[in-house]
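Keep the structure open beside you as you read.

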Amino acid sequence: MTEVLAGQALVLEPDERTRDRVLTAVLEHGPVSAAQLGKLLGLTPAAVRRHLDTLSRHGVIEVKLISNAKSGAGRPARRYVVSRQGQTEIGDDYLEIAKLALTELSAIRGDQGVIDFAERRFAAMEASYRPLVDAAGSDVAARSKALAAALNADRFVATSNSLNPHSAMAAEQLCQGHCPIQELATTFPEFCDAETEVFSRLLGVDVRRLSTMASGGHVCTTHVPTGRAVVRKRDTAPADASGPSPIISNHQQERP
């Protein structure tokens, strides 16, 4: 049993339930310190340390050393994040079977076969999220926050945070703390590419992926420019088509 602070009283709850709450909090708030977890969950310091030690031993969380960005002084702080193993256990999508199937598909149809498969998979996401994002109107920041809400409802643990508001460099930073196909995307990055293209189409701007869990990041982070008019290039306009010229993005140079 674990001691949980409820007001000024100590309440006991089953260890397994508490451990699940600690893991969920690390997933949602990581990188997060033990002290922050205690405040978030109302746990005693001893209880937090005990559950963090257990989760670390089982390999589902790990420690990240975070330097002090403001002062640059002192030793790096210990922060907890969900490990690659933990991400896989939280979202078990029969990844090994999928890897084998996609490897066979790649052997038969080459890289384009995997690309086509990934695009079809994310087409369902795009169709599902389109009404929710469109309901937010034409403001890109509002659309990004609506997309984050839709992702969060599907347990991607997503947020959209505003950066440099009211400036030419204004942007939304769209983050996802959980990926159910992280291990699959590590082998087949075409899935990350397909998801990024869906985000661009839903938001109506060229976005840029800054990090992915598949490539070693602790979250997937997408940069969404909002500080100036940024529109996607029309993908299907023929070169010799008459009528209005294709709209060209002024943000393409920022894509990796």
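## A helix and its surroundings

In helix H6, the buried residues are Gly113, Val114, Asp116, Ala118, Phe122, Met125, Glu126, Tyr129 and Val133. Buried means under 20% relative accessible area, exposed means over 50%, and partly exposed is in between, using a 1.4 Å probe and protein chains only. Helices here are DSSP runs of H or I with at least four residues, strands are runs of E with at least two, and both are numbered from the N terminus. As background, an α-helix has 3.6 residues a turn, so residues three or four places apart point the same way.

Before going on, please note that this is a predicted model, in which local features need pLDDT of at least 70 and side-chain atom pairs count only at pLDDT 80 or more, while totals for chains, interfaces and linings use all residues. Residues are numbered from 1 along each chain as its sequence is written, and side-chain values use heavy atoms, leaving out hydrogens and water.

H6 covers residues 111-134, which is 24 residues. From its first C-alpha to its last it reaches 33 Å, close to the 34 Å expected at 1.5 Å a residue; the expected span is 1.5 Å times one less than the number of residues. Where does H6 have a kink? Look at Ser128, shortly before the proline Pro131, where the kink is about 30 degrees. The bend at a residue is the angle between axes fitted to the seven residues ending there and the seven starting there.

## The whole protein

Stepping back, the protein has nine helices and eight strands. Of its 256 residues, 40% are buried. The protein exposes about 14200 Å², and carbon and sulfur atoms supply 54% of that area; accessible areas come from the Shrake-Rupley method with a 1.4 Å probe, and for residues only the protein chains shown count as cover. A contact means heavy atoms within 4.5 Å. Among the contacts with a separation of 6 or more, 55% are between residues 24 or more positions apart.

How many aromatic pairs does the protein have? The count comes to one. Phe117 and Phe191 form this pair, which is edge-to-face, with 6.2 Å centre to centre and 70 degrees between the planes. Rings of Phe, Tyr and Trp (its six-membered ring) pair if their centres lie within 6.5 Å; planes under 30 degrees apart count as stacked, over 60 as edge-to-face and the rest as tilted. Because Phe117 lies in helix H6 and Phe191 in helix H9 (residues 190-203), the pair ties together parts that are 74 residues apart in sequence. Phe117 is partly exposed, at 36% relative accessible area, whereas Phe191 is buried, at 2%.

Pro189 sits in the loop between helix H8 (182-187) and H9, and is partly exposed at 44% relative accessibility. The C-alpha atoms of Pro189 and Ala118 are 9.5 Å apart, although 71 residues separate the two along the chain.

## Cysteines without a bond

The structure holds zero disulfides, a disulfide being a pair of cysteine sulfur atoms within 2.5 Å.

| Residue | Relative accessible area | Class |
|---|---|---|
| Cys179 | 16% | buried |
| Cys192 | 14% | buried |

## Strands and loops

Gln176 is in strand S6 (residues 171-176) and is buried at 2%.

Val157 lies in the loop between helix H7 (140-153) and strand S5 (158-163) and is buried at 14%. Most residues other than glycine have a negative phi. Val157, however, has a positive phi, near 50 degrees. His166 has a positive phi too, about 60 degrees. His166 is found in the loop between S5 and S6 and is exposed, with a relative accessible area of 85%.
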